Amino acid sequence: MTQERFIDLVRAEQEPLRRFLLGLCCGDDALADDIAQDALVRAYVASGNFLGLSKFSTWLFRIAYNCYIDHCRKPGREHAALESREALAVQASDASDSRFRYQQLYQALEKIPEKEKVAIVLFYFEDKSIKEISAILDMPAGTVKYHLSSGRGHLKQYIQL
Amino acid sequence: MSELEQYLKDHKPVVKDDPTFLLEAQRRMEQVAGIKGEVDRQHRHGRRALVIALCAGLVLGVAVSAIAFFYPVNPESMGKGILDSLRLFLQDYREYFLLPTALIAIALALILLRNKKGSAWGAL
């Protein structure tokens, strides 16, 4: 796949991809964009492997999710995440900041297990079907449904409606 | 739809409009163009090796079958029932079928694995 063709395909997917990672990174847009860039580079290098057997977006989201997991496993990530959360909290104290609207949601997402978080983000924010989520996360549809249900249960404890 | 589900739908994260995002991605892609060339080259070599292995397995299999059919070690086995003939045939020639069968099996397994990777890349 040429770089031009790849960029064309990515152009349509960049917003959903960045939103997906923004949800996973609980509102840290600098980190989300950094992981998105990393995912795009990895996808570009591997684009010769893409056979078109699945949707391009499914393939790209899966790579992005793997990049996110790699980031989570990096040593020292907890400290950086804490600093980032503190910075977000300071910014969120300004009521005019649109981030404030999402503060409760992001704080709740941070508290739930990763698998539940990614299932929630893909299903509710990205409107992906269970089948697509199952392909992105490489897990059976039943397991995805379980994580969704369990994630909703956990979120109810942290979100005041 | 429950209240929570409605809340989640109403609170989809909004990404900042960033025109430099794709430009930065493009810049990074140009930096790894050499690596991509090497990955593509290895991918092509691997695919060619698989096709050669599959073809070699098929050709050898056909050749062994033809030799076994025209020059049977045990001519008496040819006159028996189909199942008995097949059993005796495999018994007499099993070592000759080993290589083509192994080649075809390995090639098919690798092709299936690569297809799985291509459909939803798990290696990254």
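## Close-up views of helix packing and the chain contact

**View 1. Helix α7 (residues 130-137) of chain A crosses helix α8 (residues 141-158) of chain A at roughly 100°, and their axes come within 9 Å.** The two helices, α7(A) and α8(A), are therefore roughly perpendicular. Orientation is classed by angle: under 35 degrees is roughly parallel, over 145 roughly antiparallel, 65 to 115 roughly perpendicular, and the rest oblique. Axes are lines fitted to C-alpha atoms, for helices over the stretch in contact, with angles from 0 to 180 degrees between N-to-C directions. The model is a predicted one, in which local features need pLDDT of at least 70 and side-chain atom pairs count only at pLDDT 80 or more, while totals for chains, interfaces and linings use all residues. Residues are numbered from 1 along each chain as its sequence is written, and chains are lettered from A and ligands numbered from 1 in the order in which they are written.

On the α7(A) side, A:Ile130, A:Lys131, A:Ile133, A:Ser134 and A:Leu137 meet A:Ala141, A:Val144 and A:Lys145 of α8(A). Contact here requires C-beta atoms, placed from the backbone, within 7 Å of each other. Five nonpolar, one polar and two charged residues make up the contact of α7(A) with α8(A). Ala, Val, Leu, Ile, Met, Phe, Trp, Tyr, Cys and Pro count as nonpolar, Asp, Glu, Lys and Arg as charged, and the others, including Gly, as polar.

**View 2. A:Asp138 lies in the loop between α7 and α8 of chain A.** Its phi is near 55°, a positive value in a residue other than glycine. Most residues other than glycine have a negative phi. A:Asp138 counts as partly exposed because it has 13 C-beta neighbours inside 10 Å. A residue is buried with 20 or more other C-beta atoms within 10 Å of its own, exposed with 12 or fewer, and partly exposed in between.

**View 3. A:Cys26 is placed in the loop between α1 and α2 of chain A.** Like A:Asp138, which has a positive phi near 55°, A:Cys26 has a positive phi, of about 55°, although it is not a glycine. A:Cys26 is buried, since 24 other C-beta atoms lie within 10 Å.

**View 4. Helix α1 (residues 3-24) of chain A packs against helix α3 (residues 56-73) of chain A.** The axes come within 10 Å and cross at roughly 35°. From α1(A), A:Leu9, A:Glu13, A:Pro16, A:Leu17, A:Phe20, A:Leu21 and A:Leu24 take part. Their partners in α3(A) are A:Phe56, A:Ser57, A:Leu60, A:Phe61, A:Ala64 and A:Tyr68. By class, the residues of this contact divide into eleven nonpolar, one polar and one charged.

**View 5. Helix α1(A) also packs with α6(A), at an angle of about 140° and with the axes 9 Å apart.** The two helices are therefore oblique to each other. A:Arg19, A:Phe20, A:Gly23 and A:Leu24 of α1(A) meet A:Lys117, A:Val118, A:Val121, A:Leu122 and A:Phe125 of α6(A). This contact has six nonpolar, one polar and two charged residues.

**View 6. A:Phe20 is found in helix α1 of chain A.** The residue counts as buried because 30 C-beta neighbours lie inside 10 Å. Apart from neighbours within four places in sequence, A:Phe20 is in contact with A:Phe61, A:Ala64, A:Val121, A:Leu122, A:Phe125 and A:Glu126. One of these partners, A:Leu122, itself touches A:Phe20, A:Lys128, A:Ile133 and A:Ile136, not counting residues up to four places away in sequence.

**View 7. The largest nonpolar core has 49 residues.** Such a core is a set of buried Ala, Val, Leu, Ile, Met, Phe, Trp, Tyr and Cys residues joined through C-beta atoms within 7 Å. A:Phe20, A:Leu21, A:Ile35, A:Ala36, A:Ala39, A:Ala64 and A:Leu122 touch the most other members. Two or more residues each come from α1, α2 (29-45), α3, α5 (99-111), α6 (114-125), α7 and α8 of chain A, together with α2 (20-31) of chain B.

**View 8. Chain A has eight helices and zero strands.** Helices (H or I, at least four residues) and strands (E, at least two) are DSSP runs, numbered from the N terminus. Of the 161 residues of chain A, 38% count as buried.

**View 9. Chain B gives 32 residues and chain A gives 41 residues to the contact between them.** On the side of chain B that touches chain A, α1 (3-10), α2, α3 (33-70) and α4 (82-119) each supply at least two residues. The largest share, seven residues, comes from α2(B). This side of chain B divides into 15 nonpolar, seven polar and ten charged residues.

Key:
Contact = placed C-beta atoms within 7 Å.
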